[in-house]
Amino acid sequence: MDMGECIEQRFQPILETKVFTKTGQVKKMKVPDIMEERMSFSFEVFPPKAEQPMEPLLETLEHLYQFKPDFISCTYGAGGTNAGRNVEICKALKDSGKTIPVTHYTCIGNTKAKIRAELEGYLDIGVDHILALRGDFPKGWEETRGDFDYASELVAFIRSNYPQFTIAVAGNPEKHFQADSFESDITHLREKQDAGADFIMTQLCHDVDHFAWWLEKIRRAGVYLPVDVGIMPVLVKESTIRMAVSNGSAVPRELAEIIARYGDNPDDFKKAGKEYTVKQIFRFINTGIDGIHIYTLNKWKDVADILMAAGRKPQPE
Ligand code: FAD
């Protein structure tokens with residue numbers, strides 16, 4: 001078996017998400033349990049704007065389920081904008097019985113009382129996985145204007161008040177853009193681990209060699225949590241550049257060449273970008289990563305093309 005085949009095999013869906021306890025009872029696995037057994041596979045979606053219909057996203061989810069994601073995460077607008085829609089989607093994910101819903105959640109503008117009410121709301125609908133974030137400051141803000149300044153404080157609050165939650169936190173392989181140094185950023189990542197986080201979900205990073213360097217650096221700094229890499233499909237020139245720049249993320253030569261060569265032709269760009277994304281999936285698997293998380297941008301057709309090219313075939317019910 002060659003290396004490519006071997007990597008493709010690691011990318012195949014494994015449907016078992018149950019374990020047997022010592023007493024023989026069946027227990028649903030949580031995301032970190034899955035990562036302990038094998039590489040996890042997951043998607044991110046975002047809620048439609050308030051005035052837009054839900055149906056297209058619900059239809060998108062039906063297509064995404066066919067790729068047997070271990071979990072699907074749903075973004076949360078900083079400041080709680082669109083929070084109702086986030087809950088609606090998390091509930092739809094839970095009610096489908098087809099995957100584990102993971103809600104994103106931020107400190108922006110949130111008091112402890114509001115956080116309590118919203119966390120209890122998630123638990124009431126059966127959502128017990130949360131990505132605990134500080135959140136990006138809305139335009140003109142320089143602080144969270146809530147009861148917590150940093151994600152580590154939110155993690156500690158959730159861990160001590162709602163131990164039922166499995167907690168993910170953000171990791172920034174290229175350093176959070178506001179951090180003074182890699183060292184301080186990794187120290188703060190470690191603080192999130194110490195506060196009770198269960199796994200790390202990373203910001204987009206196109207530079208896989210740099211990612212491997214960061215992975216080693218955080219391990220040396222005592223960060224032992226499983227790491228789920230976020231992969232941003234390369235589909236549209238403008239958004240590829242905008243998202244890299246706004247996260248302070250590098251554009252490696254191979255991607256820069258795709259932008260230079262195909263940037264004026266959206267169809268050719270998308271074709272080359274999809275091929276590039278498939279290679280990136282294999283490269284990240286090769287780093288020995290604990291999970292692959294695809295930022296779907298709610299575009300299931302493009303994501304399906306990428307996954308099928310990477311050897312992960314849809315499995316209709
Ligand atoms: P923190 O971990 O709190 O870090 C923020 C900054 O403060 C860093 O520079 C850090 O080094 C520094 N810092 C941390 N602790 C301290 C301390 N004690 N003292 C001094 N400095 C400190 N945003 C949304 O609004 N909604 C979403 O749904 C969303 N989803 C995301 C999903 C993923 C996978 C990722 C990676 C990010 C997501 N974000 C989302 C973006 C995220 O909110 C931003 O990156 C935000 O700027 C930082 O959030 P954080 O949780 O990493 O913050």
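View 1. An oxygen atom of the ligand sits 2.6 Å from an N or O atom in the side chain of D185. The model is predicted. The side chain of K192 also takes part: one of its N or O atoms is 2.7 Å from an oxygen atom of the ligand. The protein buries 85% of the 980 Å² that the ligand exposes when taken alone.

**View 2. The shell around the ligand has 24 residues.** Y76, D136, H176, D185 and K192 are the closest. Two or more shell residues come from each of strand 5 (100-106), strand 6 (129-133), helix 7 (182-194) and strand 8 (199-202). Helix 7 gives the most, with 4 residues. By class, the shell has 10 nonpolar, 9 polar and 5 charged residues.

**View 3. A search of the whole structure finds 1 cavity of 30 Å³ or more.** The largest cavity holds about 70 Å³ of space. Strand 9 (227-231) and helix 11 (266-286) each give two or more residues to its lining.

**View 4. The lining of the largest cavity, residue by residue.** L204, C205 and H206 are among the lining residues. The lining has 7 nonpolar and 4 polar residues, and no charged ones.

Methods. Residues are numbered from 1 along each chain as its sequence is written. This is a predicted model: local features need pLDDT of at least 70, side-chain atom pairs count only at pLDDT 80 or more; totals for chains, interfaces and linings use all residues. Side-chain values use heavy atoms; hydrogens and water are left out. On a 1 Å grid over the protein atoms alone, a cavity is a set of points where a 1.4 Å probe fits but cannot get out, and a pocket is an open set with protein on both sides within 12 Å along at least five of seven lines; lining residues have an atom within 4 Å of a point. Grid points are joined across faces, edges and corners, and a volume is the space filled by probe spheres set on the points. Ala, Val, Leu, Ile, Met, Phe, Trp, Tyr, Cys and Pro count as nonpolar, Asp, Glu, Lys and Arg as charged, and the others, Gly among them, as polar. A residue is near a molecule or strand if one of its heavy atoms lies within 4 Å of it. A polar contact is a pair of N or O atoms within 3.5 Å; within protein, one must be able to donate a hydrogen and the other to accept it, and residues adjacent in sequence count only if both atoms are side-chain atoms. Accessible areas come from the Shrake-Rupley method with a 1.4 Å probe; for residues, only the protein chains shown count as cover.
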